[in-house]
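The sequence and the structure come first.

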Amino acid sequence: MLSKRLLLLSFIPGLGSMTYVSAANAGNVAPTIAGSPRVAVTAGRYYSFTPTASDANGDALTFGVSGLPRWAGFSRRTGQLYGRPGAGDVGKSRPISIAVSDGRLTRTLASFTITVRAASINAAPTISGSPSQSATAAS
């Protein structure tokens, strides 16, 4: 038995890209994802970034991440990346990508890195100067 399936192909000359829409995705609009994550955090400080995402069809959204730093957690429900890096995490992370899916189509936020800076050392204050060697008595 032959199956009738809609398959639309488009090719944009010079760009070398091809897009297709199968019957399963016809009428479905891809979700959107946006946001500007902070790209630096100081060791010992809390970091949090939650992208904004929506779906024109009102489909339920789920999030995914790749390149998650070892000090960070991630919520598949909200897309929030969060955590508190320690002194051993100082340096630049691998590229991090956060994606959102409506169950049929996926969009990805531009990848980014997070640089963990060393915390400044809180040193004891110093006192300098020389005390006076003489005093004047009041009369």
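Gly64 stands opposite Ala99 in strand 11. This is a predicted model, in which local features need pLDDT of at least 70, side-chain atom pairs count only at pLDDT 80 or more, and totals for chains, interfaces and linings use all residues. Residues are numbered from 1 along each chain as its sequence is written, and side-chain values use heavy atoms, with hydrogens and water left out.

The protein has 13 strands and zero helices. Helices (H or I, at least four residues) and strands (E, at least two) are DSSP runs numbered from the N terminus. Of the 139 residues, 27% count as buried; buried means under 20% relative accessible area, exposed means over 50%, and partly exposed lies in between (1.4 Å probe, protein chains only). Among contacts (heavy atoms within 4.5 Å) with a separation of 6 or more, 57% come from residues 24 or more positions apart.

An open sheet is formed by three strands in the order 7-11-12, with antiparallel pairing. Two strands pair if DSSP finds at least two bridges between them. Strand 7 and strand 12 (106-108) are at the edges with a single partner strand each, so one side of each has no neighbour in the sheet. From one strand to the next the twist averages 25°, where axes are lines fitted to C-alpha atoms, for helices over the stretch in contact, and angles run from 0 to 180 degrees between N-to-C directions.

Strand 7 is joined to strand 11 by five bridges, and strand 11 (residues 97-101) is joined to strand 12 by three bridges. Across the latter pair, Ser101 has Thr106 as its bridge partner, and Val100 has Arg107. Strand 11 and strand 12 form a hairpin with four residues between them, and Gly103 in the turn has a positive phi of about 95°. Four of the five residues of strand 11 are buried.

**Asp55.** Asp55 is in the loop between strand 6 (52-54) and strand 7 (62-66). Is Asp55 with or without a salt bridge? Asp55 is buried yet has no salt bridge, and the nearest side chain of opposite charge, Arg104, is 6.3 Å away. A salt bridge is a side-chain nitrogen of Lys or Arg within 4 Å of a carboxyl oxygen of Asp or Glu. For charge, Lys and Arg count as positive and Asp and Glu as negative, while His and the chain ends are not counted. The side chain of Asp55 does reach two backbone nitrogens, as tabulated.

| Side chain | Backbone nitrogen | Distance |
|---|---|---|
| Asp55 | Asn57 | 3.0 Å |
| Asp55 | Asp59 | 3.0 Å |

Leaving aside neighbours within four places in sequence, Asp55 is in contact with Val29, Ala30, Pro31, Leu61 and Asp102.

**Arg77.** Arg77 is in the loop between strand 8 (72-74) and strand 9 (81-83). With a relative accessible area of 68%, Arg77 is exposed. Leaving aside neighbours within four places in sequence, Arg77 is in contact with Leu61 and Phe63. The C-alpha atoms of Arg77 and Phe63 are separated by 6.3 Å, and the two residues are 14 residues apart along the chain.

Key:
Polar contact = N/O pair within 3.5 Å; in protein donor to acceptor, adjacent residues only side chain to side chain.
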